[in-house]
Amino acid sequence: MVDTPDIIRIEAAHFSYGERPILTDLNLTIRRGEIVAIMGGSGGGKTTLLGLIGGRLKPSSGRVMVEDQNVPTLSKSALYQLRRRIGMLFQFGALFTDLPVFDNVAFPYREQTDLPEDAIRALVLMKLEAVGLRGAAHLMPSELSGGMARRVALARAVALDPAIMLYDEPFTGLDPISVGIIGRLIKRLNTALGMTSVIVTHDLNETLRLADRVIVLSAGRVYCDLVPDQIRASSDPFIRQFADGLPDGPVPFHYPASDYVQDLVQS
Amino acid sequence: MSRAPLSWIEALGAAVTTRLDRLGLAARFVAALFGVLGIALLRASLIIRELYFSGVRSLSIVIVSGLFVGMVLAVQGYEVLQRYGSTESLGVIVALSLVRELGPVVTALLFAGRASSAVTAEIGLMRATDQLAAMDMMAVDPLARVIAPRFIAAVISLPLLAGLFSAAGIIGAWIIGVHLIGIDDGAFWSQMQASVDVRIDIVNGMFKSVVFGVAVGLISVFEGFFAPPTAEGVASATTRTVVTSSLAVLLLDFVLTVMMFRGLNG
């Protein structure tokens with residue numbers, strides 16, 4: 001691997017679902033070892049961005065460089081080769097519901113390595129210990145709370161010690177304690193394993209505590225690219241609306257509609 | 001409204017393109033699936049697991065249904081044969097009906113309802129909960145790891161289940177015909193043995209089952225894999241699997257029967 005400082009570089013990426021443009025001329029770079037939070041309104045292209053980085057979605061134009069490889073042009077086998085170096089935590093964990101916790105975490109080792117079963121057992125227990133759930137190894141995913149499931153999924157995602165971790169809304173639907181636990185785990189794994197983390201999130205408080213840099217997307221492009229302190233101090237109305245949770249502002253409360261009075265009178 | 005004819009044409013056009021789209025999607029899916037069958041066949045443990053869920057767990061319904069179908073055939077067949085004084089042929093009638101037609105067809109219909117619907121729902125839910133996406137992101141091809149073993153299991157288990165269905169049906173007919181009605185035991189079996197041909201009847205029946213297995217297996221995994229990731233989407237995909245599979249089985253049965261038995265006696 002060439003050790004360039006930019007591990008992810010997106011250049012002029014366009015993406016649309018049918019007629020609806022999601023990303024328009026998106027440019028951003030993420031450096032090795034950073035924790036970068038991606039924020040923005042719903043439907044602003046945050047999850048799409050993770051799809052592009054992981055190669056699950058292809059941009060209609062532009063380049064998505066990950067570890068100096070242009071992801072959309074990779075063959076399936078080259079893409080799978082690259083994905084072994086990328087871990088992803090899905091919004092609700094996406095644990096395999098037919099497998100117990102242990103086998104979920106063992107899955108990447110069994111599929112991707114030729115390790116003997118006792119070595120796999122040791123590795124799985126180490127990963128589960130790191131997320132505090134070694135004692136839950138025998139449970140089925142249906143027996144876990146939301147926060148626990150997310151931690152197991154995290155253990156599974158980092159099983160092969162990836163260079164890049166992608167987090168899709170890791171805090172959504174969790175109680176404050178679980179949010180804190182996941183946040184600390186993300187930070188600790190990033191440092192301990194020397195990873196680069198990209199976090200798509202709505203949780204501003206946790207993000208400001210965690211991230212080295214916050215990229216705010218709006219209308220399919222980068223609206224601003226700031227460090228947490230700049231966000232806290234910002235007077236930009238769009239950022240303030242996010243930071244303070246204001247219902248109306250640059251991001252409108254109302255879905256576009258015809259004139260209200262007219263609409264009422266017509267009926 | 002002057003727009004009515006136009007919107008009617010639009011709707012027709014949309015319906016046609018949607019169907020063509022889906023046909024193309026299915027063709028590409030089948031091509032991709034056949035591309036990974038080789039890899040999937042090497043993972044025997046995954047196939048055995050699916051054989052258990054689709055095949056072994058369908059045993060009871062298939063054997064019980066077979067038994068009852070055979071018993072009904074015996075009652076009905078006896079009633080007709082009696083008019084011509086040839087009740088000893090009951091074994092032949094029952095065996096041929098089961099081995100050629102009812103075994104493969106009814107088993108495939110039962111399999112579509114019992115096993116394929118579950119496969120569609122399972123795959124659909126795996127997709128809806130991002131399990132397939134997570135697998136894909138772990139550089140494990142869901143097509144080879146999840147889809148192919150379920151398809152292979154359907155193709156293997158259907159002929160075996162159909163054989164068991166026919167066997168159970170013949171036993172059912174034997175219970176009714178020989179033990180309750182009182183047909184001669186020896187005539188029942190010897191006439192059957194003399195008239196059922198291995199190639200024409202049994203091999204053809206088995207071949208039908210394999211074709212049904214391919215059809216039902218493909219439909220169930222396709223519907224599951226492309227089910228919209230909602231409760232409603234998975235539910236309607238499951239329904240579509242049963243309906244489409246049943247129609248496909250009956251249509252294929254007609255085509256295969258015409259091809260196999262055309263000109264056999266004439």
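Biologist: What distance separates the centres of domain 1 of chain A and domain 2 of chain A, taken over C-alpha atoms?
Modeller: This is a predicted model: local features need pLDDT of at least 70, side-chain atom pairs count only at pLDDT 80 or more, and totals for chains, interfaces and linings use all residues. Residues are numbered from 1 along each chain as its sequence is written, while chains are lettered from A and ligands numbered from 1 in the order in which they are written. An automatic or database domain assignment divides chain A into domain 1 (6–230) and domain 2 (235–267). Taken over C-alpha atoms, their centres are separated by 32 Å.

Biologist: Which elements give two or more residues to the side of domain 1 of chain A that touches domain 2 of chain A?
Modeller: Seven residues of domain 1 of chain A are in contact with five of domain 2 of chain A (contact: C-beta atoms, placed from the backbone, within 7 Å). The domain 1 side has five nonpolar, two polar and no charged residues (nonpolar: Ala, Val, Leu, Ile, Met, Phe, Trp, Tyr, Cys and Pro; charged: Asp, Glu, Lys and Arg; polar: the others, Gly among them). Elements are DSSP runs numbered from the N terminus: helices are H or I, at least four residues, and strands are E, at least two. Giving two or more residues to this side of domain 1 are β9 (213–218) and β10 (221–226) of chain A.

Biologist: What gives the most to the side of chain A that touches chain B?
Modeller: Here 13 residues of chain A are in contact with 10 of chain B. Both α2 (76–83) and α3 (101–112) of chain A supply at least two residues. The chain A side holds seven nonpolar, two polar and four charged residues. With three residues, the top contributor is α3(A).

Biologist: Which residues does A:Ile38 touch, not counting those up to four places away in sequence?
Modeller: In the largest nonpolar core, of 135 residues, A:Ile38, A:Val152 and B:Val216 touch the most other members. Beyond four places in sequence, the partners of A:Ile38 are A:Lys46, A:Leu49, A:Val198, A:Ile199, A:Val200, A:Ile215 and A:Leu217.

Biologist: Which residue is the bridge partner of A:Arg9 in β2(A)?
Modeller: β1(A) and β2(A) form a hairpin with two residues between them. In the turn, A:Gly18 has a positive phi of about 60°. Across in β2(A), the bridge partner of A:Arg9 is A:Thr29.

Biologist: Which residue in β4(A) is the bridge partner of A:Glu11?
Modeller: β1(A) and β4(A) run antiparallel. The β4(A) partner of A:Glu11 is A:Arg63.

Definitions and conventions. Two residues are in contact if their C-beta atoms, placed from the backbone, lie within 7 Å. A nonpolar core is a set of buried Ala, Val, Leu, Ile, Met, Phe, Trp, Tyr and Cys residues joined through C-beta atoms within 7 Å. A residue is buried if 20 or more other C-beta atoms lie within 10 Å of its own, exposed if 12 or fewer, and partly exposed in between; C-beta atoms are placed from the backbone. Two strands pair if DSSP finds at least two bridges between them.
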